[in-house]
Amino acid sequence: MKIREVRTHVLRHELPEAEVFGSSKGWHAARQALLVEIVTDDGLSGFGEAYGPPAVNRTLVDELYTPRLIGRDAFEHAVIWEDLFGTFRDYGRKGWAVAAISAIDIALWDLKGQALRQPVWKLLGGAFRREVQAYATGLYRHRVADNARALAREAEGYAAEGFRAMKMKVGFGLDEDVRNVRAVREAIGPDRLLAMDANHAYDAGQAIRLGRKVEAYDLAWFEEPVVPEDVDGYCQVRAALRIPIAGGETEYARWGFRELCARRAVDIVQPDICGCGGFTEAWRIAALASASGVTVYPHVWATAVGFFASLHLTAALPPNPPAMLPSEPLFELDRTPNPLREQLAQNPPKRAGDVLEVPAGPGLGLEIDRRVLARYRA
Ligand code: CA
């Protein structure tokens, strides 16, 4: 199975004004992605996705990676991974360089599964679960006078949909954060799981102050309290609070996750399969986490391609720790409007309440709707 062609698709969707949403990093007015399609000499076509601004990722794939891929055996994902990373490591050990490799690696696993007529989760060693419990990612900042009230209504909507867990944004100043967390917790009651995500808006001191002010609201985790480079800050926050700490969505490759895991900077590590290096590297990161007693909840902020890939990965992650009634990985289900997630698959995964079915078709099990691909091409 030789690689014949590598196609790059930049997709973009401008959000209508009413759907623009905010995090501590700013307002989000568009959804965009790079998809990589690898075509083999026997006519198979595999898809992958790269996390982050797509124009740069596309240039990396087209200019640097594709010339090294043509004619290679598509089964040799690990050899290809080392070749791409090793050839360019002097210039890019994190960020785009690894995100672009991720897209290629996911496409290679999709191809391998199609060729062997097996889903990727089976190639990874089998599924510990064929259904995953999702948590709703939403509760962003809105352009309204009273965000606390708007968040409470939104949270009630997720609860009514059947979500037992949800995650809200903080990072807008301690007073507003506390007001918002209180409003959401009061809206959903004591039994549902609530997490908060600062998108690294604070330094360690501020994060600790916020954490202490909201400890009474029983948070399941505090995500990205400080900037990803500040591993000492993560350790300081984690030691000071009774809330589990999560992070890792902006970390890359096994070397990036080594310190987070070995120093127990986080309780929950969140590799994004479209950023951290694809299936090949996510699997190594999961092994690092397992060896360090750290739980893995994949970060998912993707089109249907990354969404499907993340479902396969989540199905194959061993429970941490194993038990008769083990604590299972929670799947991040982005509830913000995004047609690239909702429309690109002709066969979206079935969802009942907050339970998602893991795709069973060969490879990613994803049937791309080429008309949708064309509609959102930038
Ligand atoms: Ca996050």
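Analyst: Gladly! One term to begin with: buried means under 20% relative accessible area, exposed means over 50%, and partly exposed lies in between. Please also keep in mind that this is a predicted model.

User: Thanks! Is Ser292 buried or exposed?

Analyst: Ser292 is found in helix H10. Its relative accessible area is 16%. The cut-off for burial is under 20%, so Ser292 is buried.

User: Which backbone oxygen does the side chain of Ser292 reach?

Analyst: Leaving out residues up to four places away in sequence, Ser292 touches Cys261, Ala262 and Arg264. As for the backbone oxygen, the side chain gets to it at 3.0 Å, and that oxygen belongs to Leu288.

User: Arg264 came up there. What is its phi, and is it buried or partly exposed?

Analyst: Arg264 lies in the loop between H9 and strand S11 (268-269). Its phi is positive, about 50°, although the residue is not a glycine. With 40% relative accessibility, Arg264 counts as partly exposed.

User: Where does His200 lie, and what is its phi?

Analyst: His200 is in the loop between strand S8 (193-197) and helix H7 (204-214). Its relative accessible area is 22%, so His200 is partly exposed. This residue is not glycine, yet its phi has a positive value, near 50°.

User: Now to the helices. At what angle do H2 and H10 pack?

Analyst: Two packed helices are described by the angle between their axes and the distance between the axes. For helix H2 (residues 77-88) and helix H10 (residues 278-292), the axes are 9 Å apart and the angle is about 90°. That makes H2 and H10 roughly perpendicular.

User: Which residues make that contact, and how many of them are charged?

Analyst: H2 brings His77, Ala78, Trp81 and Glu82, while H10 brings Thr280, Glu281 and Arg284. Sorted by type, the residues of this contact include two nonpolar and two polar ones, and the charged ones number three.

User: With which residue does Glu82 form a salt bridge?

Analyst: Side chains of opposite charge can pair when their charged atoms come close. Glu82 is partly exposed, at 35% relative accessible area. The closest N and O atoms of its salt bridge are 2.8 Å apart, and the partner is Arg254.

User: How many residues apart in sequence are the parts that this pair ties together?

Analyst: Arg254 sits in helix H9 (residues 253-262) and Glu82 in helix H2. The pair therefore ties together parts of the chain whose separation in sequence is 172 residues.

User: Which residue does Lys167 pair with in a salt bridge, and are the two buried or exposed?

Analyst: The partner is Glu223, with the closest N and O atoms 2.9 Å apart. This pair links distant parts of the chain, as Glu223 is in strand S9 (residues 219-223) and Lys167 in strand S7 (residues 165-169), 56 residues apart. Both Glu223 and Lys167 are buried.

User: How far apart in space are Lys112 and Glu82?

Analyst: Lys112 is found in helix H3 (residues 96-116), and at 12% relative accessibility it counts as buried. Beyond its neighbours within four places in sequence, Lys112 is in contact with Met1, Phe75, His77 and Leu123. Lys112 and Glu82 are 30 residues apart in sequence, and their C-alpha to C-alpha distance is 18 Å.

User: Last one: which peptide bond is cis?

Analyst: Look in the loop between helix H11 (304-316) and strand S13 (331-334), where Pro321 is found. With omega near -10°, the cis peptide bond runs from Asn320 to Pro321.

Terms used:
Residues numbered from 1 in each chain as written. Predicted model: local features only at pLDDT ≥ 70, side-chain atom pairs only at ≥ 80, totals over all residues. Heavy atoms only, no water. Axes fitted to C-alpha atoms, helices over the stretch in contact; angles between N-to-C directions. Helix = DSSP H or I, 4+ residues; strand = E, 2+ residues; numbered from the N terminus. Parallel < 35°, antiparallel > 145°, perpendicular 65-115°, else oblique. Contact = heavy atoms within 4.5 Å. Nonpolar A, V, L, I, M, F, W, Y, C, P; charged D, E, K, R; others polar. Salt bridge = Lys/Arg side-chain N within 4 Å of Asp/Glu carboxyl O. Buried < 20%, exposed > 50% of the residue type's maximum accessible area, 1.4 Å probe, protein only. Polar contact = N/O pair within 3.5 Å; in protein donor to acceptor, adjacent residues only side chain to side chain.
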